[in-house]
Amino acid sequence: MKLVPMIWLVIIQLLLLCPCQIAQSGTWRDDFEDKATDEWTIYNLDRRVEKWWIEDGEAVGEIFHPGYMSLWLTGELSWREYSVSCRAKLVEEKNDPATIGLTLHDRGEEDTRYLFFVEITLGIVRIIKATPNGWFIRHFPFVTEIDTWYVLKATINGEFMEFQVDDEVFVSRDLDPLKGGQAGLVVSDARAHFDDIEISGSNIKNGGPGRPRSVDEGRKLPTIWAKIKSNASAN
C-alpha cells in the first residue's frame, strides 16, 4: 500500500474542517452587445448634465456641462474585495481635468467609495478613498492620450488597492477599509467609451449579459499581491 505523505494528510484535514476557505470566485460580465442597460443605474441622475447609453456595442458616458462627475453603477452592496476590469477611452474633453475611471465598494447615498481615475489631460493616475469627511488621494504620473483605448483594472483586497493601466501598476493602502458596495464606471468633464466589463470576486456569482473572453482578447493582466505588499510599506 502506498503511504500518503504527512503534509497531504494535514492539508486534507484543513480542507474538511474549513470548507469556507475554498469558495470559488465568480465573474459578472457585460460586453454591451445586447444594448440593454437594465442592470446599470446612474447614481443621483441629473438629466441636465449627464447621460449613459449603448452605441455600437460600447457603453458611452457623457457630461454636458463642466465641473460634473457621473457614476454608472451595477451590482450589490454586499460585494466586497473584488476586481473590475474594462477597456476605456476618452473621446472628447469638456473641461480640465477630463477623467475616466472606475468606482469600487460604492455605497451611493452613504457617499463612500474607492475611485480609480485616469486624468487624461493632466497625465495623472489617482487612487482615491472618498467619504463624507473628504477625499484621501494618492496620485502618480502617467502619460496618456485622447481617443486611445486603455485596459483598466482595479482591485480591492483587504487594506490593499491596486490600479492597473495597461502594463503599469499603481498601489495604495487603506488601514481602515470601506465596507463593500457596488462597482461602476466613471466619467467627468468628458465623453468616454467603455467596453468588456468583468467583475470578479469570491461573493460574486457568474453571470451578466456579456460573453466570456479569451486571454488574448481581454488582454488579461495578472495581479501580484507580493508586489503590492512590498510597495505598500513605502506609503
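Two rings of Phe, Tyr or Trp count as a pair if their centres lie within 6.5 Å, and for Trp the six-membered ring is used. With that in hand, ring pairs in this structure link Trp28, Phe32, Trp40, Trp52, Trp72 and Phe194 into a cluster. Before I go on, note that this is a predicted model.

Let me stay with the aromatics. Searching the whole structure gives 11 aromatic pairs. Take Trp40 and Trp72: the ring centres are 4.6 Å apart and the planes meet at 20 degrees, so this pair is stacked. The two residues are 32 apart in the chain, and the pair links distant parts of it. Trp40 sits in the loop between strand 1 and strand 2, while Trp72 belongs to strand 5, residues 69-74. Both Trp40 and Trp72 are buried.

A second pair has another geometry. For Phe142 and Tyr150 the centres are 6.5 Å apart and the planes are at 70 degrees, so the pair is edge-to-face. Are these two buried or exposed? Phe142 has 12% relative accessibility and counts as buried; Tyr150, at 8%, also counts as buried. The cut-off for buried is under 20%.

Two arginines also sit over rings. The charged end of Arg87 is placed over the ring of Trp149, 4.2 Å from the ring centre. Arg113 lies over the face of Tyr43, and there the distance to the ring centre is 5.2 Å.

Now the sheet. Strands of a sheet pair through backbone hydrogen bonds, in parallel or antiparallel fashion. Here, seven strands make an open sheet with antiparallel pairing, in the order 2-5-14-7-8-9-10. Which strands are at the edges? They are strand 2 and strand 10, the latter covering 134-141, and each of them pairs on one side only. Further in, strand 5 is joined to strand 14, residues 182-188, by six bridges, and the two run antiparallel.

Last, a single residue, Thr27. Thr27 is part of strand 1, residues 26-30. Its relative accessibility is 12%, so Thr27 counts as buried. What does the side chain of Thr27 make a polar contact with? The partner is the side chain of Ser200, at 2.8 Å. Leaving out residues up to four places away in sequence, Thr27 touches Glu198, Ile199, Ser200, Ile204, Lys205, Asn206 and Gly207.

Conventions
Residues numbered from 1 in each chain as written. Predicted model: local features only at pLDDT ≥ 70, side-chain atom pairs only at ≥ 80, totals over all residues. Heavy atoms only, no water. Helix = DSSP H or I, 4+ residues; strand = E, 2+ residues; numbered from the N terminus. Buried < 20%, exposed > 50% of the residue type's maximum accessible area, 1.4 Å probe, protein only. Polar contact = N/O pair within 3.5 Å; in protein donor to acceptor, adjacent residues only side chain to side chain. Contact = heavy atoms within 4.5 Å. Phe/Tyr/Trp six-rings, centres within 6.5 Å; stacked < 30°, edge-to-face > 60°. Lys NZ or Arg CZ within 6 Å of the ring centre and 35° of its normal. Pairing = 2+ DSSP bridges.
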